[in-house]
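Colleague: I have a structure here and several labels to check. Could you take me through them, one at a time?

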Amino acid sequence: MLIIPCPWCGPRAEQEFHFAGEPKARPVPAEQVSDQTWAHYLYHRSNEKGAHRELWSHAHGCGRWFVMERDTHTHQILSTKAPA
Ligand SMILES: [Zn+2]
């Protein structure tokens with residue numbers, strides 16, 4: 001079990017959190033974006049080995065979103081912070 005440090009609540013069990021993928025900018029303007037670009041935005045994941053940025057929500061706590069940097073090889077949490 002991971003212990004995830006929420007930037008606002010402190011360390012909590014991973015069951016309190018919701019993973020939401022990679023933080024990336026939504027393509028705009030939406031009505032002019034091609035199907036291929038939308039498909040890439042929705043379904044393409046970089047699946048990197050090593051340090052990786054992820055978007056999480058403390059769904060069963062404060063409800064706030066944050067960005068976690070985590071090593072996908074060791075599962076070590078490197079940092080958590082508010083989205084920019
Ligand atoms: Zn929290």
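Colleague: Where is Asn47 found?

Modeller: Asn47 is found in the loop between α1 and β4 (51-57). Helices (H or I, at least four residues) and strands (E, at least two) are DSSP runs, numbered from the N terminus. Residues are numbered from 1 along each chain as its sequence is written. This is a predicted model, in which local features need pLDDT of at least 70, side-chain atom pairs count only at pLDDT 80 or more, and totals for chains, interfaces and linings use all residues.

Colleague: What pLDDT does the chain average?

Modeller: The chain averages a pLDDT of 94, and 100% of the residues score at least 70. The pLDDT is the predictor's confidence in each residue, from 0 to 100.

Colleague: Why does Asn47 count as exposed?

Modeller: A residue is buried if 20 or more other C-beta atoms lie within 10 Å of its own, exposed if 12 or fewer, and partly exposed in between; the C-beta atoms are placed from the backbone. Asn47 has 8 C-beta neighbours inside 10 Å, so Asn47 counts as exposed.

Colleague: What is the phi of Asn47?

Modeller: The phi of Asn47 is near 50 degrees, a positive value in a residue other than glycine. Most residues other than glycine have a negative phi.

Colleague: Which loop holds His75, and why does His75 count as exposed?

Modeller: His75 sits in the loop between β5 (65-71) and β6 (77-81). His75 counts as exposed because 8 C-beta neighbours are inside 10 Å. The phi of His75 is also positive, near 70 degrees.

Colleague: Why is Leu42 called exposed?

Modeller: Leu42 has 9 other C-beta atoms within 10 Å, so Leu42 is exposed. Leu42 belongs to helix α1 (residues 35-43). From C-alpha to C-alpha, Leu42 and Arg26 are 9.2 Å apart in space, and 16 residues apart in sequence.

Colleague: What is the omega of the peptide bond from Val28 to Pro29?

Modeller: That omega is near -10 degrees, and the bond is cis. Most peptide bonds are trans. Pro29 lies in the loop between β3 (18-19) and α1.

Colleague: How many bridges join β1 to β2?

Modeller: Two strands pair if DSSP finds at least two bridges between them. Four bridges join β1 (residues 3-6) to β2 (residues 10-13), so the two strands pair, and they run antiparallel. Ile4 stands opposite Arg12 in β2. With three residues between them, β1 and β2 form a hairpin.
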